[in-house]
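I opened the notebook to follow a few side chains through this chain and to write down where each of them sits. The entries below keep the order in which I looked things up.

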Amino acid sequence: MSEILLVVGAAALIILWQRIKGVENQLDELRSMLSSGRYDTDQRVERAPQRGFESPEDAPRTEPLPEQPATVSRGSGVTIVKRTSEPEPESVSASPDDFAVDRSEAQETSPEPVPAAVSGPDAEQPQVTAAKAGFFDRFSFDFEQLVGQKLSIWAGGIALAISGIFLVIYSIEQGLLSPTVRVALSFLFGFGLLAAAELAHRFEARLADPRVRQALAGAGIATLYAAFYLAGSTYGLIGAGFAFAGLAAVTAGAIALSYRYGLPCAILGLVGGFAAPALVASAEPNIPLLTVYLGLVTAGLAYTGKRQSRPWLGLAALGGGFLWGLVLLVSGLDETSAIVSVGLLIVGLGAFIPLLLSSLSDRPWQRLGAAAIASFQMAVLVFDAGFAPLTWGLYLLLAAAVAFLSWRMPALREANGVVAAIGISLLLLWPGPIASHFALVTGAIALISLVVPLLLALLGKGRDFDIWQISVASPALAFAVWHQFGFDMSAQSRWLVAGVIAALAAFPALAARLVWTRKGDESEGDALSLEHSLLTFVTLASAAVLAFSASMVALPIWTYPLAGAVIALALIYLSSRRDDILLSGLAWGSAAAALLSVFIPETLVFDEVARAFGERHGESEGLGAIRWLAAAIPFAALAWFDREKRAGPAADALVAILGYFAIAQLIGEMFLPWIAALAAIAVSWWLVRHWAASLALAVIAGLWALVPALDWLEDGIEALFGDPLLVNVLPTPFEVVTQLLPFGVAALWIAAMRSPADGMRQRIWRSFGIGAATIAAHSLYKQLFALETVTRFVELGLLERTLWQAALLAAGWAMVQFGKRPEIRQVGPLFITASLAHFAVFSLVLHNPLWAEQAVGQVPIANLALASYGVALAALYQLDRFAADWLGRARTLVAPAAMFLIVILGLTLLRQIFAGSIMPPVPMSGTEDLLRSLLGIVLAGAFLAWGAKTGKRSWRIGSMVLMVIAVLKVFLIDAAGLEGLLRIGSFMALGFSLIAIGWVYSRLLSNSPKAGEESAA
């Protein structure tokens, strides 16, 4: 009995909730009418004694005080107070906005009119405004009306039902009545309540409240449900079949009585109808009978909800039917009759019963949800039955019913799509299907999901959703076919599967044709709406994917790029006819797909890519060239049709790259860098508009040059740390000629061909070209001396560096002197600087003959040291002469650097006289040390003389610095070890020298009044 109490309690709560909502709606409507001024113009104005107002007869005819209420009107149970702060005449016509609402004193409208103005001694008492008037009073009024006038009746009906239930429980506990009597009394009490409800209906005029009969009828139906439950399940007085039939009869009666008595009967019919099968337990339930009962109950409640304008009732009934369907599926269905009956129930719930709900235009999601749930439950039935033909037939029956209804009702098209999607999912999950069975089911699903939408579109009845369904379902079905039979196919099966996929491609192709011509004859280049553009894209993409998939199944693997190129060309042509970014994206995507298909055969593509980078695997491959050329053709078409758009350069670059890969399959690696470089030069000369292709080819040539350049750079970095740069670690002459030079030539050509307005890009390519040419020249130059060992490096290292520095200096000087173009003359100082830097790093610091083993030659003075330093001094001179603007403030360092180099050169030449060609092993004698001091004094005088002759103050300052260093050396070091006449002679020589230099320097300053303004350079 506890279940019955729960059912009745739930019904009562639903009834109470609905009634409360109705009362709230009425109050909101009344409040809205009052706030908007829609009140009765015949309202009587009545004063409120409890607010301190005097009677109308005693009220003096004086003007009201400021801020005092002027009038009080009551009507429809609401007090309206009008405020004013200005004097008014006795009769005032006020607007509704001047009124406030006070619900606290709802009384009958006074029949006596009162004056418009009220004032008097009591006017000073606190007045209650509408904004603050009686919140609790208003609540008490609402509560009183709700409970006293409305809910009490429903509570009484519920109390009657509960009293009947408790009466039966009491009789059971006390043993007063036998089970038969108890059940009989329950039936009598239930029918008595229904009779009382009928009497209340017949005497409606006297009762004047329909809720009385509704409460009695609801209580009677609940009691009859309990009676049949007791008779069947509790006491076993009747069989399960009779009990179930009785409960079904009560359900039918409740649905029928809902038309006469209203909502409570409908709610009890809903709850009791679906609870009845659970209340009657049976060891061997009759599934077909149960499904028929559930279908009738669901249909009856759905129809009742539609007729009584209660859409929630139909939805609740549909939900109950699906819930029972899930229970039946979970419980397991073994017999064929049970499977068929449950399947037919699901078909009815998903296709036909939703037609009894509200109109399609109002709630199309109801049909969509019903179809989705029914399809899912049917899919569970198919899966549990092991994909038996019977269950597949039931699913197809559901799909056919939904498709038929969607033909008649466009709002059901989405439901058809949902059923098709779940059916295709089942095809994917079907384990090891028989080919003939799979073909029949797939054909049926294709008929429902593809043929029906296509026919609707052809007849002009289609919607955009139909086009979407065709575009999505076609590749999904093709994937299901390939998934089931695409592995380990025989030749015959391969062609059969390819034919099926090709046939499926026809559906989106026809849909694309319909969408393409939807707006009539459109001229070339017309812009499309977003919806039209999106549909065109989807249909064409679906057809292209299916066509390419069919070719992949039927054709050999090496032909994939050819098939992809044909499809891409068709899409590129279509995209060229209309200005549509989505179509352009589709064209590019198809070209990219053709390119990606080149990489599908891993064994082929590995060898082909290796050939492009100089690694030969077998003989030249003509088929490989055809594959890469086929991948290039769509991009060539894109470059042609898209030449006025931004994507054209990308297509040009891809055509160049893929063309190179095609040629690489036929030609050896020693020619490939030159082919890329010469092709870049040719394109930049004859096809200026396709500049991206020339850049791509130049980049390919640069990739060839990258490896030897990195090797040279790595060895050069090691040389900066003192390791000799030997010839056997540098790029070979073959690598220089076949890899470095092509890129250098191409880069310099592109830099020369580009407009100076290109600025940074021109300088970048020029830098690349000069760098590659310099690396190539240096690597070839190192081959002349072939310094392969450290011994050879000691013997010829200085000579090799001196000649290289002289070559750099000569090249820079020639560029500055004879360059006809500004960019060439600008590069000249860079070569001169490179010559000087090379000397400073390697000959002056790292491998200086004074401390490193480097042969300078046996002849004093006229040796390699003089030549090496002479080149460096010449570089300083050239920089001072030709690069004054480029050096800027650094030009002031030229003269000090030259004096420093001359001093180091003098020390080196002096050291060579005493030590020979290789200087570090020989210790320095005292005589050589004294001559070093003398050399410093002599050079200081020479610097002074040169500064006096040229008027350059920096040389004179340098002479003074050198003289001070020499004097300090003589006094602190040299003279410290002398004795006797040698000491006296050295000091006398030093003194006369200093006097002579000072006299000369003072004469120079006295004869040059602007000495302080002389050039510091």
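Entry 1, salt bridges. I began with Glu800, which forms a salt bridge with Lys782, and I noted 2.8 Å between the closest N and O atoms. This pair links distant parts of the chain, with Glu800 in helix 27 (residues 790-818) and Lys782 in helix 26, 18 residues apart. I keep in mind throughout that the model is predicted. I then looked up accessibility for both partners: Glu800 counts as buried because its relative accessibility is 3%, under the 20% cut-off, and Lys782 also counts as buried, at 4% relative accessibility.

Next I turned to Glu928, which forms a salt bridge with Arg911, the closest N and O atoms being 3.1 Å apart. Glu928 lies in helix 32 (residues 926-950) and Arg911 in helix 31 (residues 894-915), so this pair ties together parts that are 17 residues apart in sequence. I recorded both Glu928 and Arg911 as buried.

Arg627 belongs to helix 21 (residues 622-641) and Glu608 to helix 20 (residues 602-612), so the pair ties together parts that are 19 residues apart in sequence. Are these two partners buried or exposed? Arg627 counts as buried at 1% relative accessibility, and Glu608 is buried with a relative accessible area of 2%. For the record, the count of salt bridges comes to 5.

Gln762 is buried, with a relative accessible area of 6%, and its side chain reaches the backbone oxygen of Ala751 at 3.1 Å.

I checked the span of helix 19 (residues 581-596), which has 16 residues and reaches 22 Å from its first C-alpha to its last, close to the 22 Å expected at 1.5 Å a residue. What reaches the backbone nitrogen of Leu582 at the start of this helix? I found a side-chain oxygen of Asp580 there, to within 3.1 Å of that nitrogen. Going along helix 19, I listed its buried residues, among them Leu583, Leu586, Ala587, Ala591 and Leu595, and including the serines Ser584 and Ser590.

Leaving aside residues up to four places away in sequence, Leu697 touches Ala656, Ala676, Ala679, Ala680 and Val683. Of these, I looked at Val683 in particular, 14 residues from Leu697 in sequence and 9.2 Å away in space, C-alpha to C-alpha.

Which helix gives the largest share of the patch? Helix 24 does, with 6 residues. I ended with Phe721, found in the loop between helix 24 and helix 25 (733-753), which counts as exposed at 70% relative accessibility.

Technical notes: Residues are numbered from 1 along each chain as its sequence is written. This is a predicted model: local features need pLDDT of at least 70, side-chain atom pairs count only at pLDDT 80 or more; totals for chains, interfaces and linings use all residues. Side-chain values use heavy atoms; hydrogens and water are left out. Contact means heavy atoms within 4.5 Å. Buried means under 20% relative accessible area, exposed over 50%, partly exposed in between (1.4 Å probe, protein chains only). A polar contact is a pair of N or O atoms within 3.5 Å; within protein, one must be able to donate a hydrogen and the other to accept it, and residues adjacent in sequence count only if both atoms are side-chain atoms. Helices (H or I, at least four residues) and strands (E, at least two) are DSSP runs, numbered from the N terminus. The expected span of a helix is 1.5 Å times one less than its number of residues. A salt bridge is a side-chain nitrogen of Lys or Arg within 4 Å of a carboxyl oxygen of Asp or Glu.
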